[in-house]
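Please read them with the structure open.

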Amino acid sequence: MKEEQLSAINRSTISMSRLNKILNIVLDEITQMEDFERDQPLTWSMKHMFTCSQISKLIAASRKLDIEIAGIAGAIHDLFLIRTGIFDDHAPKGGPLVKDFLNKFNKTYGEEFGYLSEKEIEIIYQATIFHTDKTNYTKDEMVELTKDADALDRFLHGKDIPKHYIPRYKAALKDLKLL
Ligand SMILES: [Fe+2]
C-alpha cells in the first residue's frame, strides 16, 4: 500500500478518483447494453464489478498492497465478459482489452482524474489475464489478490463455486481476520 494511502486512512479519505471514474465509464457501457444471449447476465456483471472492487480494496489493505489499483483490477478483470457476454477465455482475451481501456482512460481522463502509470497498467493487465487460473499460486501479489477477491465475491453472492475456489476465499477471509 502506498504511504499516502496509509496516512490518509488515519485521517479521513483515500484517493479513489481513477477507480471511481472507471466504474462510471463501465457502468455507462453496461446500462447501454442489451441483456440477451450472454453467458452471464449483465446484472451479475454489474454487481460483481462493484462488490469485487470493494472486496479487492479490503484485501489490499490487509496485505499492504495498493488499494486503488486492487480496486481497479477487481472492477475490470472481467471486461471481456462484460463487453462480449462470452465467458470462454475471457481472462486472456481481456488482457489487451484492459490495456487499451486504461491507455484510453489516460488519454481522455488522465489530466482530470489522474494518470495510471505503465507499471500500474501492467499490474492490472497481469491480474486480468491470470485471474481465472485459481488452482495455481504465483508470486504476483495482485494476481493472487484478484483471484481471491473474485472467489470471495462469488461466494458472498451465493453463487455456486467450484471446490478449488474454497481455499481462495478462505485465504481472503483469514487476511481480513474473519476466519
Ligand atoms: Fe470475476
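This is a predicted model: local features need pLDDT of at least 70, side-chain atom pairs count only at pLDDT 80 or more; totals for chains, interfaces and linings use all residues.

What covers the buried residues of α2?

1. Cover over α2. The buried residues of α2 are covered by elements that include α3, α4, α5 and α6. The buried residues in question are Arg18, Leu19, Ile22 and Val26. They sit on the same side of α2, because the arc they cover around the axis is only 95°.

2. The opposite face. The face directed away from the buried side carries Ser17, Asn24, Asp28 and Thr31, which are exposed.

3. Geometry of α2. The helix holds 15 residues. From first C-alpha to last it reaches 21 Å, close to the 21 Å expected at 1.5 Å a residue.

4. Glutamate 29. This residue also belongs to helix α2. Is it buried, partly exposed or exposed? Glutamate 29 has 13 other C-beta atoms within 10 Å, so it is partly exposed. The cut-off for exposed is 12 or fewer.

5. The core. The largest nonpolar core has 41 residues. Which of them touch the most other members? They are Ala70, Ile72, Ile76, Ile124 and Met142. At least two residues of this core come from each of α2 (17-31), α3 (42-63), α4 (67-76), α5 (79-84), α6 (90-113), α7 (118-130), α8 (141-156) and α9 (166-175). The element that gives the most is α4, with 7 residues.

6. Isoleucine 72. Leave aside residues up to four places away in sequence. Isoleucine 72 then touches Arg18, Leu19, Ile22 and Ile124. Arg18, Leu19 and Ile22 are among the buried residues of α2. Ile124, like Ile72, is one of the core residues that touch the most other members.

7. Overall fold. The protein has 9 helices and 0 strands. Read from the N terminus, the order of elements is therefore α-α-α-α-α-α-α-α-α. Take contacts between residues at least 6 apart in sequence: 59% of them join residues at least 24 apart.

8. Does the radius of gyration agree or disagree with a compact globule? For 179 residues, such a globule would have a value near 16 Å; the protein has 15 Å, so the two agree. Along the principal axes, the C-alpha atoms fill a box of roughly 45 × 40 × 25 Å. Of the 179 residues, 36% count as buried.

9. Positive phi, glutamate 37. Most residues other than glycine have a negative phi. Glutamate 37 is not a glycine, yet its phi is positive, about 50°. Glutamate 37 lies in the loop between α2 and α3. With 7 other C-beta atoms within 10 Å, this residue is exposed.

10. Positive phi, aspartate 89. Where is aspartate 89 found? Aspartate 89 is in the loop between α5 and α6. Its phi is near 60°, again a positive value in a residue other than glycine. Aspartate 89 counts as exposed because it has 11 C-beta neighbours inside 10 Å.

Methods. Residues are numbered from 1 along each chain as its sequence is written. A nonpolar core is a set of buried Ala, Val, Leu, Ile, Met, Phe, Trp, Tyr and Cys residues joined through C-beta atoms within 7 Å. A residue is buried if 20 or more other C-beta atoms lie within 10 Å of its own, exposed if 12 or fewer, and partly exposed in between; C-beta atoms are placed from the backbone. Helices (H or I, at least four residues) and strands (E, at least two) are DSSP runs, numbered from the N terminus. Two residues are in contact if their C-beta atoms, placed from the backbone, lie within 7 Å. The expected span of a helix is 1.5 Å times one less than its number of residues. The arc is that of the directions from the helix axis to the C-beta atoms. The radius of gyration is taken over C-alpha atoms; the globule rule is 2.2 Å times the number of residues to the power 0.38.
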